Amino acid sequence: MPLPSKQKEIYQYLADDIRKFYYPGAKLPNERNYAERLGVARKTLRYSLQRLEEERRIVRRKTGTYVLDEETGRCPQAREASPISILLPCPNYTEAANASSVVHIQDVIRGAMRAALEAGTRVVTIPVSENNDRDNINWNQLAGLGKDDIVLLTGAWYYRVIPVLTARKCRIGCIVEQDRIDMLDFSGATNGYLVYIRKNWQGFLTEPIDFLKKSGAGKIAAFMAMAPDCADLLEKWHKSGSAPNFTFGITDHLLSFDKQMNALKTFCRNHKFDALILDMNSTSDRHIDLYQELALPLSVKLVINSRSFLGPHPRPNMFMYYDPYLETGYTLTKSLLSGGTNGETRRMENKFYTTEEAYNEK
């Protein structure tokens with residue numbers, strides 16, 4: 001049934017007013033004030049508001065009337081779900097953590113944001129120490145977390161935090177290295193948790209080595225940015241003969257990216273190989289042509305773990321191999337929001353991409 005001309009005029013004025021002056025999630029004035037401002041009767045205003053609600057442009061609740069996002073039909077401010085909390089080691093984690101950890105955390109945040117948007121909620125980040133010290137947690141930072149709150153964390157760094165979260169009946173999503181899962185105690189988690197186990201450095205090496213051997217590579221090298229304790233383990237692993245005809249180089253993961261690149265160049269000058277595995281992460285936006293930077297022939301096969309090494313265009317002998325933190329952050333969040341987890345462990349499967357596929361994924 002068409003609106004009377006006067007009612008249609010008021011309805012259109014109201015729709016335009018909301019579109020121009022109120023963002024998604026904004027609360028409209030109460031009916032009396034809004035009617036006075038528009039110069040119409042409350043009954044007339046209420047009729048127009050009803051039409052807008054039927055069209056999913058606003059939502060009326062006990063706390064007031066809110067503007068919906070026209071694309072999603074959701075109300076960001078008047079949300080029904082609690083925010084997704086992601087723990088950070090410290091406020092300036094991008095400076096205090098190594099580049100690989102920074103990239104992983106950022107991907108988890110991005111993945112969680114996608115799932116949160118779909119659910120009509122949001123993501124908040126909570127730094128739990130002042131200076132990246134896992135033995136000096138600022139417990140006040142966790143004061144707002146309670147029953148049914150969803151909390152995401154990456155790594156065994158948070159081993160002291162988990163008992164507190166489980167005692168408060170939070171729902172926990174975690175990504176942890178397979179050799180550090182024993183550090184985490186989920187015995188008190190009665191309200192559901194989901195853990196993804198990722199491969200450690202050994203897993204990162206063995207799969208690319210097998211991949212390169214199957215593609216015809218003979219002498220394989222690897223260059224990795226890692227912590228000293230991991231470097232010692234890598235030395236022992238290499239001496240055990242687990243990977244014959246394989247050589248490697250190591251640089252400190254806390255060095256600047258430029259210094260790591262200089263160490264890589266020196267390694268490439270001093271060793272001969274027909275395939276190279278590179279485990280270095282750059283947080284910079286620049287894209288590096290490794291073949292040019294390292295003076296490598298295009299016949300050398302490269303396995304990289306950072307988009308910074310994709311270069312200006314796809315290369316036929318270059319492959320990306322990485323931990324899918326973004327996808328896992330999305331799955332963790334979506335699973336916990338659905339309430340379908342009650343203490344579950346899954347494996348995070350790494351993926352190989354050709355550089356052409358990696359470009360298409362960007």
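Biologist: How many helices and strands are there in the protein chain?
Modeller: This is a predicted model, and the elements are counted on that model. The protein chain contains 12 helices and 14 strands.

Biologist: Is the protein chain a compact globule or more spread out?
Modeller: The C-alpha trace spans about 85 × 50 × 35 Å along its principal axes. For 362 residues the globule rule gives 21 Å, and the radius of gyration is 27 Å, well over that figure. The chain is therefore more spread out than a compact globule.

Biologist: What share of the contacts with a separation of 6 or more is between residues 24 or more positions apart?
Modeller: The count takes in contacts in the protein chain with a separation of 6 or more. Residues 24 or more positions apart account for a share of 63%.

Biologist: How many Å apart are the centres of the positive and negative side chains?
Modeller: The chain carries 48 positive side chains and 43 negative ones. The centres of these two sets are separated by 5 Å.

Biologist: How many disulfides does the structure hold?
Modeller: A disulfide needs two cysteine sulfur atoms within 2.5 Å. The number in this structure is zero. For Cys 90, which is in no disulfide, the nearest cysteine sulfur is 18 Å away and belongs to Cys 174. Cys 170 is in no disulfide either, and its nearest cysteine sulfur, 14 Å away, is that of Cys 174.

Biologist: Is Cys 170 buried or exposed?
Modeller: The cut-off for a buried residue is under 20% relative accessible area. Cys 170 has 2% relative accessibility, so Cys 170 counts as buried.

Biologist: Where is Cys 90 found?
Modeller: Cys 90 has 0% relative accessibility and therefore counts as buried. Leaving aside neighbours within four places in sequence, Cys 90 is in contact with Ala 96, Pro 127, Ser 129, Glu 130, Asn 131 and Asn 132. Its C-alpha atom is 27 Å from that of Gly 120, which is 30 residues away along the chain. Cys 90 sits in the loop between β3 and α4 (93–96).

Biologist: Which residues does Ser 129 touch, not counting residues up to four places away in sequence?
Modeller: Ser 129 is in the loop between β4 and β5, and with a relative accessible area of 3% it is buried. Its C-alpha is 8.2 Å from that of Leu 88, although the two are 41 residues apart in sequence. The residues touched are Pro 89, Cys 90, Pro 91, Asn 136, Asn 138 and Trp 157.

Biologist: In which strand is the place of Ile 86?
Modeller: Ile 86 is buried, at a relative accessible area of 3%. Beyond its neighbours within four places in sequence, its contacts include Val 108, Ile 109, Val 124 and Leu 152. Ile 86 and Gly 173 are 87 residues apart in sequence, and their C-alpha atoms are 9.3 Å apart. The strand that holds Ile 86 is β3 (residues 84–88).

Biologist: What is the phi of Asp 148?
Modeller: Most residues other than glycine have a negative phi. Asp 148 is in the loop between β4 (123–127) and β5 (150–154), and is partly exposed with a relative accessible area of 44%. Asp 148 is not a glycine, yet its phi is positive, at about 75°.

Biologist: Where is the place of Lys 169?
Modeller: Lys 169 is not a glycine but has a positive phi of about 65°. At 35% relative accessibility, Lys 169 counts as partly exposed. Its place is in the loop between α6 (162–167) and β6 (171–177).

Methods:
Residues numbered from 1 in each chain as written. Predicted model: local features only at pLDDT ≥ 70, side-chain atom pairs only at ≥ 80, totals over all residues. Heavy atoms only, no water. Buried < 20%, exposed > 50% of the residue type's maximum accessible area, 1.4 Å probe, protein only. Helix = DSSP H or I, 4+ residues; strand = E, 2+ residues; numbered from the N terminus. Rg over C-alpha atoms; globule rule 2.2 N^0.38 Å. Contact = heavy atoms within 4.5 Å. Lys, Arg positive; Asp, Glu negative; His and termini not counted. Charge placed at Lys NZ, Arg CZ, Asp CG, Glu CD.
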